[in-house]
Amino acid sequence: MNDNVAIKVERVFKTFNLKRPDGLIGSIKKIESPFTNSKIIALNNVTFDVYQGETFGIIGLNGSGKTTLLRMIAGIYVPDSGIIKINGKLAPLLQIGSGFHPELTGPENIIISGMLMGFSKSDIENKVEKIIQFAELEDYTNMKLKHYSSGMIARLAFSIGIQVDPDILLVDEVLAVGDISFREKSYKEFLKFKDKKKTIVYTTHILTDLHEVCDRVMLLDKGVIKEIGNPLDVIKVYREMISKNK
Amino acid sequence: MIPLIQLRGMQNQIIHFAWKNIKIRYRGTNLGLVWMAFEPLLFWVFLYLVFTSINIGAREDFGIYLITGLVIYHNFVRGSQGGLMSLRENFGILSSMNVKREFFPVVATTTSSIVLMVELVVFFGIMGIFQFVPAWTIILLPIVLILLQILILGISYLLSITYAYFRDIQPLWGIFVTALMFVTPIFWYLEDAGGFALEIQKINPLGQLIELTHQIVFGNVPSIQEWLYPSAMIFGILFAAFVIFKKFERHVVEKI
């Protein structure tokens with residue numbers, strides 16, 4: 001892989017089995033109709049490169065394959081065929097807060113998440129106060145996570161995620177978390193990553209500022225790359241696509 | 001393809017997660033972590049009262065015989081059930097981070113090893129109450145306990161990955177371990193058994209481990225064959241389960 005390429009995605013296919021009806025009766029019904037198409041194509045022959053230091057946006061309607069693609073880049077899903085190569089330390093900010101345990105407090109969840117991200121226990125313990133402060137949760141440190149609001153959970157998860165110093169950051173819609181002041185704060189942190197010339201792959205539905213943040217944007221439609229290139233051009237195609245769908 | 005190799009350097013995470021499992025399990029209860037000891041103790045008290053009131057428990061040192069089998073059985077059941085749930089319980093983590101799948105059944109086994117340490121306090125405590133002094137052969141006990149944890153690890157690999165693809169395994173395993181209690185020499189003696197019970201014992205690694213422990217506690221030195229046979233079975237289960245786990249782990253997040 002070329003040194004200036006951070007992520008290489010080559011001829012990637014991904015299908016998912018449609019959910020089988022539950023239970024024995026559902027299974028019998030399925031046997032009765034063996035010709036029903038039971039697979040959905042999530043990504044269809046997707047090929048692109050993301051360059052070192054580039055901020056690469058991915059846009060598309062719901063179900064277009066954005067999250068599946070990020071999960072495959074993160075190594076959570078494996079492609080049915082094709083190759084994904086990563087050049088550098090990668091940190092995913094995906095499905096934010098889903099790894100937390102509701103019975104544990106904020107600081108306990110910070111330590112668990114941090115250790116899974118590769119921090120030593122003492123390193124992450126030293127960062128707990130800073131993370132809590134950034135998430136503006138100083139008054140809730142003894143509260144179990146199940147009593148947090150969804151905004152508080154998202155703030156906590158984002159604050160943990162940005163502690164990692166990766167070469168490549170995968171961001172899935174998470175800049176829209178919390179209230180307006182927290183969003184602005186998150187956005188500033190995001191820009192700091194960009195200033196440090198980190199590679200960022202970023203999916204969003206919010207088109208405002210996308211052309212200012214991203215060097216290139218890719219439009220996915222039903223698992224196929226519809227357009228890739230200059231942000232303004234791609235956003236224009238996307239807007240046209242949305243208006244056609246209306 | 002060797003179990004645990006890929007988790008080198010993750011010892012701290014494994015131990016931290018195992019403690020977290022224990023804390024979560026008993027958090028909010030009045031007795032807290034004391035339940036780790038109370039669970040097998042109450043189980044033993046109940047069975048002891050029942051079996052000593054009928055002929056089965058009439059033998060000398062039946063209380064010691066019973067707690068020996070019960071501690072091993074109880075730890076196996078708790079450990080295997082934790083292993084079964086280990087991937088599914090951590091779906092949130094698996095779907096948002098690239099964590100090695102093997103981490104979770106290993107954490108479940110580590111949890112079971114920590115619980116075993118507490119259960120051993122109950123084990124030796126009951127010996128104290130009965131003023132029973134175990135023979136020198138008790139020094140062999142750690143070998144049996146290590147084999148037990150290897151067996152739990154193998155079963156955890158197998159059950160966790162099976163549960164991701166086939167949810168019916170959960171109620172099936174519940175029935176299986178209940179049946180296992182009756183076909184394993186916990187409250188009955190091997191020399192009294194015959195037929196079906198003996199045939200099952202030959203292929204029951206848990207039963208073999210319990211029988212080894214009985215011998216050790218009551219001062220007999222098990223023969224080489226008595227060590228090798230269950231060891232071969234347990235390592236066979238571990239490697240077969242690990243191969244199956246590695247074969248199916250790639251798509252586990254999608255399947256769950």
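I take helices, at least four residues long, and strands, at least two, as DSSP runs numbered from the N terminus. The model I am looking at is predicted.

**Entry 1: chain B as a whole**

Reading chain B from the N terminus on, I find the elements running α-α-α-α-α-α-α-α-α-α-α, that is, 11 helices and zero strands. I then looked up the radius of gyration of chain B, which comes to 19 Å and is close to the 18 Å that the globule rule gives for 256 residues, so I note chain B as being as compact as a globular protein of that length. Along the principal axes, the C-alpha atoms of chain B fill a box of roughly 55 × 45 × 35 Å.

**Entry 2: a helix pair in chain B**

I next turned to helix α6 (residues 141–165) of chain B and helix α7 (residues 169–183) of chain B, which pack at an angle of about 140° with their axes 9 Å apart. Because of that angle, I record α6(B) as oblique to α7(B), keeping in mind that the roughly antiparallel class is for angles over 145 degrees. Where do the two helices meet? On the α6(B) side I list B:L159, B:T162 and B:Y163, and on the α7(B) side B:I169, B:Q170 and B:W173. Sorted by class, this contact of α6(B) with α7(B) has four nonpolar and two polar residues, with no charged ones.

**Entry 3: where chain B touches chain A**

I counted 17 residues of chain B in contact with 19 residues of chain A. On the chain B side, the elements that give two or more residues are α1 (11–26), α4 (91–94) and α11 (252–255) of chain B, and the largest share, five residues, comes from α1(B). By class, I find that the residues on this side of chain B divide into five nonpolar, eight polar and four charged.

**Entry 4: a sheet in chain A**

In chain A I looked up an open sheet of six strands, whose order is β5-β6-β7-β3-β8-β9, with mixed pairing. The edge strands are β5 (90–93) and β9 (224–229) of chain A, each of which pairs on one side only. Neighbouring strands of this sheet are turned by 15° against each other on average, direction ignored. Helix α8 (residues 231–245) of chain A packs on the sheet, where I find it touching β3, β8 and β9 of chain A, and its direction makes about 25° with that of β8(A). Within the sheet, strand β3 (residues 55–59) of chain A and strand β7 (residues 199–203) of chain A run parallel and are joined by four bridges. In this pair I note A:T55 standing opposite A:I200 in β7(A).

I then picked A:M218, which lies in strand β8 (residues 216–221) of chain A. Is A:M218 buried or exposed? I count A:M218 as buried because it has 24 C-beta neighbours inside 10 Å, where 20 or more are needed. Leaving out residues up to four places away in sequence, I find A:M218 touching A:F48, A:F56, A:I58, A:I225 and A:I228. I also looked up A:T203, which is 15 residues from A:M218 in sequence and 9.5 Å from A:M218 in space, C-alpha to C-alpha.

Conventions: Residues numbered from 1 in each chain as written. Chains lettered and ligands numbered in written order. Predicted model: local features only at pLDDT ≥ 70, side-chain atom pairs only at ≥ 80, totals over all residues. Axes fitted to C-alpha atoms, helices over the stretch in contact; angles between N-to-C directions. Parallel < 35°, antiparallel > 145°, perpendicular 65-115°, else oblique. Contact = placed C-beta atoms within 7 Å. Nonpolar A, V, L, I, M, F, W, Y, C, P; charged D, E, K, R; others polar. Rg over C-alpha atoms; globule rule 2.2 N^0.38 Å. Buried ≥ 20, exposed ≤ 12 C-beta atoms within 10 Å, placed from the backbone. Pairing = 2+ DSSP bridges.
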